[in-house]
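Trainee: I'm new to this one. Could you take me on a close look at the nonpolar core and the aromatic rings around it?

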Amino acid sequence: MMYGIVLACLMTVAIAAPRGFNVELDTYWETYKQTYNKNYDDMHEVIRRSIWESNLKHVHAHNLESDMGQHGFTLGMNEYADLTSAEFVKQMNKHLGRNQTARQGSLFMAPENYELPAKMDWRDSGYVTPIKNQGQCGSCWAFSTTGSLEGQHFKKSGKLVSLSEQNLVDCSPKNSGCEGGLMDLAFEFIKSEGGIDTEQSYPYTATDDKCAFKPADVGATVTGYVDVPSMNEDALLQAAASIGPISVAIDASHFSFQMYRNGVYKEPRCSPTQLDHGVLVVGYGTLDGEDYWLVKNSWGESWGMDGYIMMSRNKNNQCGIATQASYPLV
C-alpha cells in the first residue's frame, strides 16, 4: 500500500513539473535509454527521468564524499538508475531469508592443518561462469544456487557447465519462482529430481513458466548440501578457501548497493539478519588494508565491477554475509 502511495506521489510531482529537468542532461538521458534499451510512454518517461536525475545527484554527492575520504567505495549509474530504492528492492531482492526457521544441511567442518591463502579468486581456476542477469524477476536465490553448483560440478568433473536457473524458477515447489526462494531448498529440490538441466537446454526467461525439466538434459546432480556455521566469518573463510564458490544471503536493501560501482563496500546500516538477496562468494582478499569478500551478483555486467562487488570482511558479519552460507555436495 505504502509503495503505491509513494509511486503515485512521484507521478504527480513529475507530471506537474516536467520542465524542471536539467537540460544539460538531455543527451546523457538519451544515451542511457539507448544503452539499456529503455522504452517509456510519455507519462513514464517523465517519471523515470525524474528518478534518474535524483539518483544521479545522490551518486555524485556520494562520490564527492568518497574523494574526501568519507567512503571506501564509489557509486555509478547503471541500468537500474531509473528505479527508486523501494522499487528496486521490491523487484530484485527476493531471497526469503526471514522465513528460514531451521537449517537442515550437514554442518561444515574446517579442514585440519589447512593453510589459508592470503587471497582467493575461484575465477582464476575455472570454477565460475560469466555474469548472468536475473532481469525483472526475484530469482536471485536460483542464481546463487546454480553458481555454487557450477563450481562444485567443475571441481568434480573438470567441466564448467552453465546450469538452468529457469529450471529452478519453474519447478522447485518449496520456492516461489520470481517471488523468491532459498538456496538450501533449491539444493534439496535438485537432489530429489535427480539433477538440474543445463542453461542451454532450458534457457532463462525471467518469468514464472510451466515446468519443462527433462532428465535427458541434466547438467549436474546434487547428493546433499552443507551449511556453514551461522554468523561465523572465520568458518566462511575456511569454506571459501578450501571448497569453492559459496552461496550466501545478504542485506542488499540500500541505495548504496543498488548503485555500487567499485571499492570495498561498507554500509553501516546493513543488517546481519534481515537478508533479502542471494549471491555467491567466489573469493576474498585485501585492498588498501581493507579485507573483502569477492561476490558475484546476478544483475548483469552494468552493475558494480562488471557484475561483481567487494564486500567488507571482518566487519562483524556486515550485511549478514556469513549468516546463511551453504554449498552443495556432488
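Predicted model: local features only at pLDDT ≥ 70, side-chain atom pairs only at ≥ 80, totals over all residues.

Mentor: Let's begin with the largest nonpolar core, which has 61 residues; L236, I246, F257, Y265, W293, M311 and I321 are the ones touching the most other members. Helix α8 (residues 233–242) gives the most to this core, six residues in all. There's also a second, separate core of 23 residues, with V169, I196, Y202 and L275 among them.

Now zoom in on Y265. Leaving out residues up to four places away in sequence, Y265 touches F73, H254, S256, F257, Y260, C270, I309, M310, M311, S312, Q318 and C319. Y265 also belongs to an aromatic cluster, together with F73, Y80, F88, F257, Y260, W299 and W303.

On to ring pairs: the count comes to 22 aromatic pairs. Take Y32 and W52: their ring centres are 5.9 Å apart and their planes sit at 45 degrees, so this pair is tilted. Y32 is in helix α2 (residues 26–35) and W52 in helix α3 (residues 42–67), so to speak a link between distant parts of the chain, 20 residues apart. Both Y32 and W52 are buried.

Y260 lies in strand β8 (residues 260–265), while W303 is in the loop between β10 (290–296) and β11 (308–312), so the pair ties together parts 43 residues apart in sequence. Y260 is buried at 0% relative accessible area, and W303 counts as buried at 0% as well.

One last stop: the charged end of R313 sits over the ring of W293, 5.7 Å from its centre.

Note on methods
Residues numbered from 1 in each chain as written. Heavy atoms only, no water. Core = buried A, V, L, I, M, F, W, Y, C linked by side-chain atoms within 4.5 Å. Buried < 20%, exposed > 50% of the residue type's maximum accessible area, 1.4 Å probe, protein only. Helix = DSSP H or I, 4+ residues; strand = E, 2+ residues; numbered from the N terminus. Contact = heavy atoms within 4.5 Å. Phe/Tyr/Trp six-rings, centres within 6.5 Å; stacked < 30°, edge-to-face > 60°. Lys NZ or Arg CZ within 6 Å of the ring centre and 35° of its normal.
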